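Here is a short briefing to read alongside the model.

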Amino acid sequence: MFGSRGRKKLKVGCVNAGAERGTAIHAFMQSVPFDGPAPDLTAEVQRQTGLQLLDAALADKLDLDAVRPFFDSAVWRRIRLARRILREEPFITALPAADITPAAQQGSAAGAEVLVQGIADLVLVFDEHAEILDYKTDRSRDAQYYIDEYAAQLRLYRRAYRQERASSR
């Protein structure tokens, strides 16, 4: 979604209101500039729709009150400290099946390789390390919920991203 590879233009087509809200937020965040102060969100929506970076129907679904706290958060400040920001960073790599799912840890499938691919919303590159950030638009305010629901996904992203980067050197 982000970066020099070109921007994807997402369109509304979701049936689920929660999915539409999440799609709208992700689409909006694709083109928010990170190289200056927090944007005026209303003006940013107008800029993105005017440049056809954000579909007008998605803009109508965008809940700016849900987005606003992001720009006051530690995550926003962390993004601003990164040496490089990779948006919508794709990765694809093969990992042992036993590392992907506990069910494959025994038997003949344990050594089989599984193709893992995904797109990290943001990869923040610092001098000594990189951090993967994946936007979540669930409505829970319980931090443990996000750990329980998404920690395995992010560990998998980290492993695949690290392995892909190591093989490209």
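Glutamate 164 is buried: its relative accessible area is 14%, and under 20% counts as buried. Please keep in mind that this is a predicted model. The residue sits in helix α7, which covers residues 143–167.

**Around glutamate 164**

- Leaving aside residues up to four places away in sequence, glutamate 164 touches Pro90, Phe91, Ile92 and Thr93.
- Glutamate 164 and alanine 94 are 70 residues apart in sequence, yet their C-alpha atoms lie 8.9 Å apart in space.

**The sheet**

- Three strands make up an open sheet in the order β1-β2-β3, and their pairing is antiparallel.
- At the edges you will find β1 (84–96) and β3 (130–133), each of which pairs on one side only.
- From one strand to the next, the twist averages 50 degrees.

**The pairing of β1 and β2**

- Strand β2 spans residues 113–125, and its antiparallel pairing with β1 runs over 12 bridges.

- Which strands does helix α5 lie across? Helix α5, residues 74–81, lies across β1, β2 and β3.
- Relative to β2, helix α5 runs at about 90 degrees.

Definitions and conventions
Residues numbered from 1 in each chain as written. Predicted model: local features only at pLDDT ≥ 70, side-chain atom pairs only at ≥ 80, totals over all residues. Heavy atoms only, no water. Pairing = 2+ DSSP bridges. Helix = DSSP H or I, 4+ residues; strand = E, 2+ residues; numbered from the N terminus. Axes fitted to C-alpha atoms, helices over the stretch in contact; angles between N-to-C directions. Contact = heavy atoms within 4.5 Å. Buried < 20%, exposed > 50% of the residue type's maximum accessible area, 1.4 Å probe, protein only.
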